[in-house]
Amino acid sequence: MLSSSSSLTVEQPSRSRSSGINAVSSDVLRSNILTRLDGASLAALSCTCSNLNSFCLDESLWRQQCSATWPSTLDTRVQSIISTFPAGHRMFFSDSFPFLEHDGVINLSPSVDMTELISAVDIFYKEKLIFSRVHVTETVSGWFLCSPMRVDLVEPKELISTRVSLINQWEDDTWKSDLEENLSLSWILIDPTGKRAADVSTRKPVSVQRHWLTGEVHVKFSTIFVVGNKKRSEQVEFTVTVVLAAFNRREEETAVMQIREVSLVAEDKDGKNLGGNGSLVILAVAMGRKRRFRAGGEGGGKEKYLEFMERKTAKAEMKWRREKETAMETAACWIAVLLLGFLLCFYLFIHKNMVAIMKRLIK
């Protein structure tokens with residue numbers, strides 16, 4: 001009997017297969033995935049793992065995000081300033097995209113080193129760009145530091161067509177809700193010296209009103225700050241106003257809205273304009289504070305604006321009552337003085353006559 005034993009060993013090649021995001025080619029990830037994300041999603045994706053974080057640090061991605069979100073940043077002056085930021089466009093996006101914090105008291109410093117202030121402004125209607133402009137404001141002259149803070153982007157006689165037609169909405173009064181929902185604005189202030197930036201707009205309007213006489217539509221965007229210290233503080237408002245020329249004639253069915261004014265002013269609760277120096281100090285401190293994006297931030301900005309206006313109205317009414325009471329007290333004092341003078345004159349007259357009568361009786 002012949003017995004034989006044989007052993008057969010089959011070796012299978014070990015294949016290390018990548019799973020998850022590591023299975024995606026870096027070229028595909030860069031060109032077909034990351035370029036399709038918006039800025040907020042790109043920032044969130046960079047926090048998931050170190051590999052994705054390295055991909056999301058690409059400067060070209062953030063340059064694309066900035067230009068898509070704010071077309072005004074394509075301006076050569078703005079591009080040259082952003083290139084000096086420590087992290088380039090990524091830092092600029094992280095500064096400009098989140099809303100500025102309304103909470104907390106801003107402690108004012110005595111001075112600020114800011115030679116000029118760059119305004120990069122974009123206005124969208126139904127996500128289509130209708131206005132984009134960059135404006136440079138010098139901040140070192142005595143005229144700016146001592147004058148009320150105001151930045152105008154449109155010349156007094158300039159009219160800018162927007163391709164927006166609201167003519168058919170005047171009669172049913174739907175134009176107001178249309179602008180509140182579809183009009184958005186970003187006003188990014190850039191400090192070239194401090195290499196910081198911030199958006200002072202609420203993006204969505206906080207107030208849309210039509211002037212009763214001219215028919216112009218005034219759209220407001222507002223950011224409220226609390227300045228001072230813990231013992232004494234007050235609210236200040238940075239307001240962006242967009243004035244649209246309104247047409248109310250049936251024969252002009254194809255007429256379009258025109259931009260007449262785009263301006264930024266700073267006011268306190270009493271409605272007094274803040275000076276250039278004080279406004280710069282507030283902006284410099286606000287730019288340096290930490291901020292983060294909050295869902296529904298547009299609605300929060302409108303709530304803060306309404307609260308501010310309620311307090312402003314209440315303070316104005318209180319001031320009016322005090323002035324009225326003071327005026328009434330002053331009038332009462334003058335009436336008392338006049339009445340006392342009249343009584344004194346009457347007394348002297350009677351006394352003089354009584355003395356004359358007594359002398360005659362004695363004689």
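1. Let's count a disulfide as a pair of cysteine sulfur atoms within 2.5 Å. On that rule, this predicted model comes out with 0 disulfides.

2. Cys66 brings us to an annotation. An unreviewed UniProt entry puts a "domain: F-box" feature at residues 32-66. In the model, that span is 69% helix and 0% strand, and its end C-alpha atoms are 18 Å apart.

3. Now for the main packing. The largest nonpolar core has 45 residues, and the members touching the most others are Ile123, Phe131, Trp187, Val219, Val262 and Leu264. Several elements each put in at least two residues: strands 2, 3 (128-138), 6, 9, 10 and 11 (258-268), along with helix 8 and helix 9 (276-288). There is also a second, separate core of 24 residues, with Leu42, Phe85, Ala120 and Ile188 among its members.

4. Ile123 is worth a click. Leaving out residues up to four places away in sequence, Ile123 touches Lys128, Leu129, Ile130 and Phe131, then Leu183, Ser184 and Leu185, and finally Val242, Ile259 and Val262.

5. Which residues of helix 8 are buried? They are Trp175, Asp178, Leu179 and Asn182, in a helix that runs over residues 175-182. These four lie on the same side of helix 8, because they cover an arc of only 95 degrees around the axis. As for what they pack against, the buried residues of helix 8 meet strand 2 (116-125), strand 6 (183-191), strand 8 (207-210), strand 9 (217-228) and strand 10 (233-245).

6. Last, a look at Thr115, in the loop between strand 1 (105-106) and strand 2. Is Thr115 buried or partly exposed? Its relative accessible area is 41%, so Thr115 counts as partly exposed. Even so, Thr115 has partners from elsewhere in the chain: setting aside residues up to four places away, it touches Glu138, Thr139, Val140 and Thr193. With Thr139, 24 residues apart along the chain, the C-alpha separation is 5.3 Å. With Thr193, the link is a side-chain to side-chain polar contact of 3.4 Å.

Note on methods: Residues numbered from 1 in each chain as written. Predicted model: local features only at pLDDT ≥ 70, side-chain atom pairs only at ≥ 80, totals over all residues. Heavy atoms only, no water. Buried < 20%, exposed > 50% of the residue type's maximum accessible area, 1.4 Å probe, protein only. Arc of directions from axis to C-beta. Contact = heavy atoms within 4.5 Å. Polar contact = N/O pair within 3.5 Å; in protein donor to acceptor, adjacent residues only side chain to side chain. UniProt positions renumbered as here; feature names shortened; annotations may be inferred. Core = buried A, V, L, I, M, F, W, Y, C linked by side-chain atoms within 4.5 Å.
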